[in-house]
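Welcome! Please take a look at the protein below, and then read on for a short tour.

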Amino acid sequence: MAGIDKAAIAFSIAIVAVGAGFAFYAGTVQDNVPVHSAPVVTKTMEPKVQTDPFADIANKVKKEATATTEKAVEVKEEVKIEEKPAAPVEEKPAAPVEKSSEPQTVSVTIPTGSSSPGCETSNACYSPASVTISVGDTVEWKNTDTAAHTVTSGSPADGPSGVFDSSLIMGGASFEHSFDTAGSYDYFCMVHPWMVGNVKVN
């Protein structure tokens with residue numbers, strides 16, 4: 001039994017020695033591989049000068065054209081034209097524009113998003129926030145918002161004045177009112193009191 005163990009140990013040492021020798025041999029061969037570098041060839045090319053076969057003909061044509069131009073030059077007399085000042089144009093006064101006696105309709109839009117606070121900071125709750133019309137004219141408010149609004153004469157602080165009231169104007173609907181008396185009319189939305197506007201009637 002002891003003989004077999006010694007043989008196994010000797011065999012293992014032999015395998016390790018052979019492996020180490022093989023590794024050493026492979027490393028030596030790899031380090032001693034000859035290195036070949038490819039030769040670098042540089043070739044300089046001298047530019048070839050091309051001659052234009054038509055250069056002589058072009059020079060001949062240029063000389064002939066110059067000679068012809070010199071012969072064709074003639075002295076011309078200068079003609080002076082006297083400019084006469086233009087006669088003054090009489091300006092006719094513009095005819096006064098007559099205002100149409102027909103009643104007009106002015107549109108005011110209730111914009112999308114005016115149901116949320118914030119439009120009052122830029123006077124954009126009604127667009128335009130203030131309109132000026134004449135007696136007999138009509139203002140039409142168009143609701144382009146998805147929320148319902150009112151157009152009620154008066155102010156949020158003092159409440160409705162009773163001159164006009166649209167009740168609820170649903171999204172896509174409109175309300176109009178004709179003004180027969182001159183004055184300044186404030187209005188607001190009873191549902192969204194930050195929405196205010198004004199109509200001036202001349």
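## A first look

Of the 202 residues of this protein, 20% count as buried, where buried means under 20% relative accessible area, exposed over 50% and partly exposed in between, with a 1.4 Å probe and protein chains only. The model is predicted, so local features need pLDDT of at least 70 and side-chain atom pairs count only at pLDDT 80 or more, while totals for chains, interfaces and linings use all residues. Residues are numbered from 1 along each chain as its sequence is written, and side-chain values use heavy atoms, with hydrogens and water left out.

The protein has two helices and eight strands, and from the N terminus on its elements run α-α-β-β-β-β-β-β-β-β. Helices (H or I, at least four residues) and strands (E, at least two) are DSSP runs numbered from the N terminus. Among contacts with a separation of 6 or more, 63% come from residues 24 or more positions apart; contact means heavy atoms within 4.5 Å.

## The core

A nonpolar core is a set of buried Ala, Val, Leu, Ile, Met, Phe, Trp, Tyr and Cys residues joined through side-chain atoms within 4.5 Å. Here the largest has 20 residues, and Tyr126, Trp141, Val151, Phe179 and Val199 have the most contacts inside it.

Leaving aside residues up to four places away in sequence, Phe179 touches residues including Ile133, Trp141, Phe164, Tyr185 and Val199.

## The cysteines

How many disulfides does a search of the whole structure find? It finds one, a disulfide being a pair of cysteine sulfur atoms within 2.5 Å. Cysteine 119 and cysteine 125 form it, with their sulfur atoms 2.0 Å apart. Their link is right-handed, with 95° about the S-S bond, and both cysteines are buried. Cysteine 189 is in no disulfide, and the nearest cysteine sulfur, that of cysteine 125, is 9.2 Å away. Cysteine 189 is also buried, with a relative accessible area of 0%.

## The surface

The protein exposes about 16300 Å², of which carbon and sulfur atoms supply 59%; accessible areas come from the Shrake-Rupley method with a 1.4 Å probe, and for residues only the protein chains shown count as cover. Leucine 168 lies in the loop between β5 (159-165) and β6 (174-178).
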